[in-house]
Amino acid sequence: EARAEAETNGARHFSIYSFSADPGVEKDVIRYGDLIVDFDSHEGAYAAVVAAQDFVTVLSHYYGVPYESIDYYLTGGKGCHLVIPAILFGGEEGDPELPHIHRRMLERITNNFTNFGKRFDLIDTQLYSMGKGHILRVANHRRENAHYKVPVSFYEFIGITEQAQIDELTKAPRYTYWLKPTSVRIDGFHKLFLECVASVKD
């Protein structure tokens, strides 16, 4: 709600985490947030999209994450990002070290990813910073290159096979939303989360 109000008041960026208190003032602040995975490539957005398409295949194959439960965005720039709801891995209660836990989860997922023979170096791991958290651009605002960060459906996302499709999808704001299955905790994904929590706190 606070984020929506901030956007209404003109905010153009937001932290990927929310907090139980001001992390610049209080210690042991609990951080809350979905797992956001940002893909960027200097080769162009299409290379980032291909890596993200492979990534969601790994999530589905190894951890049983439904493709349609993920939110997909094209950034209008060099890449794309995925928003994986915290409820899927049981992270709704947050944790003071959530950025470190998210990073550890990705490290574990990458091990399976490389088993597929795919590149994984396009993920921006700087996203998982402590303090007040890394910021991302709000959707549907014009970038300097005249393109927009926009939401896309899973079927649109997985169907991208060339840069021209990305250029077309990001040339104007998109306020279309899709019906999604009810998000529920996924046992295999929850197990990964708990293992990473234990590893970070060890």
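Predicted model: local features only at pLDDT ≥ 70, side-chain atom pairs only at ≥ 80, totals over all residues.
Helices are DSSP runs (H or I) of at least four residues, numbered from the N terminus. Lys191 is exposed, because its relative accessible area of 51% lies over the 50% cut-off. Glu195, by contrast, counts as partly exposed, with a relative accessibility of 28%.

The side chains of Glu97 and Lys201 meet at 3.5 Å, N to O. Glu97 belongs to the loop between α3 (86-89) and α4 (98-115), while Lys201 belongs to helix α7, so this pair ties together parts that are 104 residues apart in sequence. Both partners fall in the partly exposed class: Glu97 has a relative accessible area of 25%, and Lys201 has a relative accessibility of 44%. The pair also belongs to a network of salt bridges in which Asp95, Glu97 and Lys201 are linked.

Over the whole structure, the search finds 10 salt bridges. One of these salt bridges joins Asp71 to Lys180, with the closest N and O atoms 2.7 Å apart. Asp71 is in strand β5 and Lys180 is in the loop between α6 and α7, so the contact ties together parts that are 109 residues apart in sequence. Asp71 is partly exposed at 27% relative accessible area, and Lys180 is likewise classed as partly exposed at 36%. As a general point, side chains of opposite charge can pair when their charged atoms come close.

Strand β5, which carries Asp71, also pairs with two other strands. Four bridges join β5 (residues 71-74) to β6 (residues 79-84), and the two strands run antiparallel. Within this pairing, Asp71 has Val83 as its bridge partner in β6. The hairpin of β5 and β6 has four residues between the strands, and Gly76 takes a positive phi near 80 degrees there. Three bridges join β5 to strand β8 (residues 150-152), again in an antiparallel arrangement. Here the bridge partner of Tyr72 is Val152.

Which residues is Phe189 in contact with, leaving aside its neighbours within four places in sequence? The contacts are Leu59, Tyr63, Val65, Ile84, Leu88, Phe89, Met105 and Ile109. In soluble globular proteins, nonpolar side chains tend to be buried together.

Tyr175, Tyr177 and Trp178 form a nonpolar patch on the surface, with about 420 Å² of accessible area together.

Asp28 has a positive phi of about 55 degrees although it is not a glycine, and its place is in the loop between β2 (18-19) and β3 (31-32). At 68% relative accessibility, Asp28 counts as exposed. Asn140 also is not a glycine, yet has a positive phi of about 70 degrees. Asn140 is found in the loop between β7 (135-137) and β8. Is Asn140 buried or exposed? Asn140 counts as buried, because its relative accessibility is 9% and the cut-off for burial is under 20%.

The loop between β2 and β3 also contains Ala21, which counts as partly exposed at 31% relative accessibility. Leaving aside its neighbours within four places in sequence, Ala21 is in contact with Glu26 and Val29. The C-alpha atoms of Ala21 and Asp34 are separated by 18 Å, and these two residues are 13 residues apart along the chain.

How values were computed: Residues numbered from 1 in each chain as written. Heavy atoms only, no water. Contact = heavy atoms within 4.5 Å. Pairing = 2+ DSSP bridges. Patch = residues over 30% accessible without salt bridge, like charges linked within 9 Å, V, L, I, M, F, W, Y side chains within 5 Å. Areas by Shrake-Rupley, 256 points an atom, 1.4 Å probe, with all protein chains shown as cover. Salt bridge = Lys/Arg side-chain N within 4 Å of Asp/Glu carboxyl O. Buried < 20%, exposed > 50% of the residue type's maximum accessible area, 1.4 Å probe, protein only.
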